[in-house]
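Thank you all for coming; I would like to walk you slowly through one structure this morning.

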Amino acid sequence: MHFSLVRFNPADGPPSHGLDDAILPLFYALKRLGYRTEIRLDSVNPRSRNIVFGSCLAPRKIGRMLPPGSIVFNLEQLGGDSKWMNRDYLAHLAEFPVWDYSAANMAVLKDIGARAAHVPPGYVPQMTRLRRDCPRDVDVLFYGLINDRRHAIIKELHEAGLKVLATQDAFGNLRDALLARARLVLNVHYYLPAKLEMVRLGYVFANYRAVASERRPDTDIPPGLEDACAFYDYEDLVDGVKDLLADEKKRERQEDAAFAAFAARPLSRTLEGLVGKRGMSVPAAGGVAAPAGGGTEGAALREWSITGNVGGEG
């Protein structure tokens with residue numbers, strides 16, 4: 001069995017590097033299970049089992065490109081007034097097997113008749129790339145899209161005299177450089193109701209960085225990660241950040257708790273339940289059969305970013 005992880009980029013925009021934090025752990029976890037695995041950009045492999053990311057951007061067009069049995073990996077929030085609750089994307093999800101990052105999406109997928117499996121973000125050792133003893137000259141780092149509610153917290157922290165860095169476009173080596181300098185990472189929900197932003201935060205947890213996160217009554221937090229962040233109500237988030245920064249030992253304990261909680265969720269264990277190890281055949285909902293096949297272990301990427309095809313074993 002050969003897996004191709006395919007990232008589709010926007011036709012009229014920059015590359016979707018925001019998907020890299022989901023694709024790269026899957027790449028390494030499948031290799032750990034013994035499967036030949038490659039990463040491709042904007043093109044499927046007809047001789048492989050394709051797992052596609054970003055098909056929400058053009059579901060009808062991309063759906064016509066996919067070989068039978070391709071798996072759609074959904075990383076979007078479904079339900080409510082989400083913009084992804086549109087006819088084209090829901091039909092796309094109903095047509096192909098789906099792997100979904102969020103347990104909260106499973107009810108929607110069931111309602112539309114999708115063959116879906118829950119594949120939450122999980123740890124692979126290759127994610128841990130930063131040293132803990134780097135000089136930390138940035139109090140608070142925020143990276144991600146910035147809307148009004150996120151901007152209000154960032155502005156208030158800056159006005160409180162903290163050194164805050166906020167960016168909407170930090171990936172790969174640049175993101176690592178900023179993360180290495182940060183004493184604390186800020187997480188504020190973009191969508192409401194909210195799911196914990198696990199695709200982004202998993203990498204932070206894996207690199208021993210403390211996270212101060214908003215938590216609402218409706219925030220969907222995966223089991224076992226209740227202590228991975230220092231959680232605060234939106235109105236208390238600024239005071240919570242200042243409190244955590246004022247207590248170095250408390251902040252370091254939060255780093256340890258975050259890493260321990262996330263490392264206890266190896267992605268290879270989740271995938272083994274879906275596809276088995278190489279040479280086994282384990283059918284599962286939304287999963288694939290895994291017949292015997294060879295595999296080669298490619299070199300580790302120099303940076304945690306996808307800039308071209310990786311593996312090329314097709």
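Which residues does Y208 touch, if we do not count residues up to four places away in sequence? In this model, which is a predicted one, Y208 touches R132, R136, E255, D256 and F259. As for where to find Y208, please look in the loop between α7, residues 198-206, and β10, residues 211-214.

Let me turn now to the surface, where R60, K61, R64 and R87 gather in a patch of positive charge. Helix α2, which covers residues 59-65, gives the most to this patch, with three residues, and R64 lies in that helix.

Finally, a word on confidence: the mean pLDDT of the protein chain is 88, and 91% of its residues reach 70 or more. Over residues 280-299, however, the pLDDT is below 50, although this stretch has 54 contacts in the model beyond near neighbours in sequence.

Conventions. Residues are numbered from 1 along each chain as its sequence is written. This is a predicted model: local features need pLDDT of at least 70, side-chain atom pairs count only at pLDDT 80 or more; totals for chains, interfaces and linings use all residues. Side-chain values use heavy atoms; hydrogens and water are left out. pLDDT is the predictor's confidence in each residue, from 0 to 100. Contact means heavy atoms within 4.5 Å. Patches are made of residues with over 30% relative accessible area and no salt bridge: like charges are joined within 9 Å, nonpolar side chains (Val, Leu, Ile, Met, Phe, Trp, Tyr) within 5 Å. Accessible areas come from the Shrake-Rupley method with a 1.4 Å probe; for residues, only the protein chains shown count as cover. A salt bridge is a side-chain nitrogen of Lys or Arg within 4 Å of a carboxyl oxygen of Asp or Glu. Lys and Arg count as positive and Asp and Glu as negative; His and the chain ends are not counted. The place of a charge is taken as NZ of Lys, CZ of Arg, CG of Asp or CD of Glu. Helices (H or I, at least four residues) and strands (E, at least two) are DSSP runs, numbered from the N terminus.
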